[in-house]
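These notebook entries record what I looked up in one protein structure, entry by entry.

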Amino acid sequence: NWRMEDFLEKKIREIRETVGENKVILGLSGGVDSSVLAILLNKAIGNNLIPIFVDTGLLRLNEKSEVVENFEDLGIDLVIVDAQEKFFEVLKGVEAPEEKRKIIGHTFIEIFNETAKKLLEKHGDIKFLAQGTLYPDVIESKVCGSKSAAKIKTHHNVGGLPEKLPFKVIEPFRNLFKDEVRQIGKILNIPEKIINRHPFPGPGLAVRIIGEVTKESVEKLRKADYIFIEELRKENLYDKVWQAFSVLLPIKTVGVMGDYRSYENVIALRAVNSEDGMTADWAKLPSEFLNQVAKRIINEVSGINRVVYDITSKPPATIEWE
Ligand code: XMP
């Protein structure tokens, strides 16, 4: 695609001119946008890019090790911050979705800023902060900022805003849509497993656990979600849906296990097709496939005795449950 190749060459030139011999920090989530951005910056300025990966404790099963390995393979070193305890502490007793989002957003910025300050003390020449902001993020924040639009969710993106930090922000993807970022990823030969990943929200699994987030609830959801995604990949369905995930519901329902009554939590499966996340249709996954996923979740995840499939489109529902 000549248009994207031109765009890419131009961006690399621009980044080199802007950054010079200085350093750039970047919040890396492992998702498509920040990964492609990190690789692009690495190509443009090499080791002058310092990517920061924060383990919030709200990541999917094996996610941290996969991200670390993917970047090791590409020869890019990450600064890894383990903030799991901090996030569980601040989320204790919090149930309201917007409160969760705000707390996670603030905590993330706090941790990112602390890390940035330490890095700044170590290398004096960090002048820039790169963010993988996309065009829809720019639009959405404009809409959310206007008085007439009802605010639906406070979206949080890795990196947040660097209040009081002496960095200039660079956002090379500000005018792009997600599929264009994927095209750039392809031109840069980024492995498919990175560029074809489903979107994952900034607040992570916390917005997929309805009610209080605890270590135990995260463990349960991680296992169920892993099974769903593993089965989608096995049946070649992963790339056919735009996004898929599991949600842990705090309610308990009655079931029967052998001769015994069980009283356990519910997992909801969500899979959607979409262009840009603004609207979405629920994915008509084969019933045999759903049956197989439900059986595995019940058998392999303790504390779950019921699995349901979400058949609501957006609108009226949103993609995430919180
Ligand atoms: P909703 O739930 O608003 O989600 O229909 C639309 C798309 O956005 C993702 N999402 C987020 N992405 N930070 C993000 O970067 C967030 O806080 C956030 N919340 C939702 C969601 O996964 C879906 O792809």
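Where is Pro 315 found? I located Pro 315 in the segment after β9 (304–309); helices (H or I, at least four residues) and strands (E, at least two) are DSSP runs, numbered from the N terminus.

Basis of the entries. I am working with a predicted model, in which local features need pLDDT of at least 70, side-chain atom pairs count only at pLDDT 80 or more, and totals for chains, interfaces and linings use all residues. Residues are numbered from 1 along each chain as its sequence is written.

Cis peptide bonds. I looked up omega for the bond from Lys 314 to Pro 315 and found it near -10 degrees, a cis peptide bond. The bond joining Pro 315 and Pro 316 is cis, with omega about 10 degrees. Pro 316 lies in the segment after β9.

Domains. I noted that the protein chain is divided into domain 1 (2–195) and domain 2 (209–309), with bounds that come from an automatic or database domain assignment. The C-alpha centres of domain 1 and domain 2 lie 28 Å apart. Twelve residues from domain 1 and eleven residues from domain 2 make the contact; two residues are in contact if their C-beta atoms, placed from the backbone, lie within 7 Å.

Core. I next examined the largest nonpolar core, which has 71 residues. A nonpolar core is a set of buried Ala, Val, Leu, Ile, Met, Phe, Trp, Tyr and Cys residues joined through C-beta atoms within 7 Å. A residue is buried if 20 or more other C-beta atoms lie within 10 Å of its own, exposed if 12 or fewer, and partly exposed in between, with C-beta atoms placed from the backbone. Val 24, Leu 26 and Leu 41 touch the most other members of this core. Helix α2 (residues 32–45) gives the most to the core, with nine residues. Domain 1 and domain 2 both give residues to this core, so the core lies between them. For Leu 26, I set aside neighbours within four places in sequence and listed contacts including Ser 34, Leu 37, Leu 41, Ile 52 and Ala 130.

Helix α3. Which residues of helix α3 (residues 63–73) are buried? I found Lys 64, Val 67 and Phe 71 buried. Seen down the axis of α3, these buried residues fall within an arc of 70 degrees, so they line one face of the helix; the arc is that of the directions from the helix axis to the C-beta atoms. An α-helix has 3.6 residues a turn, so residues three or four places apart point the same way. On the other side of α3, Ser 65, Glu 69, Glu 72 and Asp 73 are exposed. What covers the buried residues of α3 includes β2 (49–55). Gly 75 follows α3 and has a positive phi, near 75 degrees.

Helix pair. I checked how helix α1 (residues 2–19) packs with helix α7 (residues 178–187): the angle is about 80 degrees and the axes are 10 Å apart. Axes are lines fitted to C-alpha atoms, for helices over the stretch in contact, and angles run from 0 to 180 degrees between N-to-C directions. The contact joins Met 4, Glu 5 and Leu 8 of α1 to Glu 180, Gln 183, Ile 184 and Ile 187 of α7.

Positive phi. Asn 189, a residue other than glycine, has a positive phi near 60 degrees. Asn 189 is placed in the loop between α7 and α8 (192–195).
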